[in-house]
Amino acid sequence: MTKRIHFIGGGQMVEAIIRPLLAKQIVSKEQLTVADINTSRNVYLQETYQIQAQAEQEEALQQADILVIGVRPQDDLAAVAQELQQSKPEAVIVSIVAGVTIEKLEALLGVPRSIVRVIPNTLTDTGLGYSGASLNELAKQEEVDFFLTGFGKVMYVEERLIDVFTGYGVAGANYVYYFIESYTDAGVLAGLPREQAWTIALENTIGAAAMLKQTGKHPRELLDINNSAGGVGIHALYELNASDFAAGLQRSVLRAVQRTTELGEEGEK
Ligand SMILES: NC(=O)c1ccc[n+]([C@@H]2O[C@H](COP(=O)([O-])OP(=O)(O)OC[C@H]3O[C@@H](n4cnc5c(N)ncnc54)[C@H](OP(=O)(O)O)[C@@H]3O)[C@@H](O)[C@H]2O)c1
């Protein structure tokens with residue numbers, strides 16, 4: 001793959017995307033360029049990844065096949081859209097800017113362009129997290145697949161589901177981090193040294209997920225196998241049910257989705 005990818009904005013999320021793209025050799029460093037308005041950020045990216053990173057971006061804009069808008073929602077998106085007018089008309093524009101709709105991007109660009117709105121996952125280095133992507137009418141999956149799968153997995157969703165995808169999917173690692181922390185604390189509470197409790201919590205989480213994937217069984221089937229009559233498992237489960245565990249998690253996801261929408265609406269004002 002010899003496509004060129006240019007990033008406008010080179011902050012934390014863009015770096016988290018660049019790192020696995022290079023590490024997995026999805027692209028070579030010659031294929032990547034970045035333009036941040038912050039000189040020290042450009043210097044850092046250039047020194048760390050040996051990629052061209054500089055505020056001057058005319059040539060990079062003209063050569064790129066994929067142009068990634070990596071600035072924050074509150075940054076000057078109109079100025080970025082103005083810069084993008086120098087790019088090849090057939091190049092795809094990928095926006096990772098949270099809360100900014102395809103409709104708004106189309107209005108800012110002013111001319112018909114292939115646009116892909118992406119909510120990138122935060123597990124990019126593992127290759128396991130799902131990013132969510134929505135396409136406008138001109139964009140095609142095959143144009144961006146290699147790029148999006150270079151930093152994880154990708155699920156193409158209707159744009160109306162992007163906030164749900166964000167609060168449920170992209171925020172998803174947080175729920176699991178918190179579960180593992182709480183589970184570890186439970187082991188310590190019961191008397192295990194923290195290091196042992198941590199190791200068991202981590203391995204059980206990975207192992208249980210692998211079991212579900214390998215067997216294709218519903219969690220209830222595996223719970224039934226583990227929960228003998230009057231035994232340890234069913235007693236533990238009774239307390240978990242009484243603790244509002246499932247509803248608490250579900251309320252947490254709904255709040256995350258709602259907050260995503262609120263932030264998008266605040267950005268509109
Ligand atoms: N971090 C995440 O977990 C995450 C997850 C999903 C989506 N996102 C999205 O990713 C985007 C970037 O987030 P981030 O966390 O990476 O933010 P960040 O670290 O603050 O990076 C943004 C960078 O863009 C630069 N910048 C601002 N305006 C610019 C312009 N006109 N041209 C070129 N560079 C410009 C900023 O420079 P200055 O600091 O000097 O202004 C900064 O270095 C956001 O839109 C966010 O919604 C982030």
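Analyst: A polar side-chain atom of R72 lies 2.6 Å from an oxygen atom of the ligand, which falls within the definition of a polar contact used here: a pair of N or O atoms within 3.5 Å, where within protein one must be able to donate a hydrogen and the other to accept it, and residues adjacent in sequence count only if both atoms are side-chain atoms. The ligand taken alone exposes 890 Å², and the protein buries 74% of that (accessible areas come from the Shrake-Rupley method with a 1.4 Å probe; for residues, only the protein chains shown count as cover). This is a predicted model, in which local features need pLDDT of at least 70 and side-chain atom pairs count only at pLDDT 80 or more, while totals for chains, interfaces and linings use all residues. Residues are numbered from 1 along each chain as its sequence is written, and side-chain values use heavy atoms, with hydrogens and water left out.

Backbone atoms also reach the ligand. A polar backbone atom of V71 is 2.6 Å from an oxygen atom of the ligand, and a backbone N or O atom of M13 lies 2.7 Å from a ligand oxygen atom. M13, V71 and R72 are among the closest of the 20 residues that surround the ligand, as are Q12 and D36 (a residue is near a molecule if one of its heavy atoms lies within 4 Å of it). By class, this shell has eleven nonpolar, six polar and three charged residues; Ala, Val, Leu, Ile, Met, Phe, Trp, Tyr, Cys and Pro count as nonpolar, Asp, Glu, Lys and Arg as charged, and the others, Gly among them, as polar.

Now the domains. The assignment, automatic or from a database, gives domain 1 (5–165) and domain 2 (172–262). Their contact, meaning heavy atoms within 4.5 Å, takes four residues from domain 1 and six residues from domain 2. The area buried between them is about 380 Å², with 57% given by carbon and sulfur atoms; buried area is the accessible area (1.4 Å probe) that two parts lose on being put together, summed over both. On the domain 1 side, L123, D163 and V164 lose the most area to domain 2, together 82% of what that side buries.
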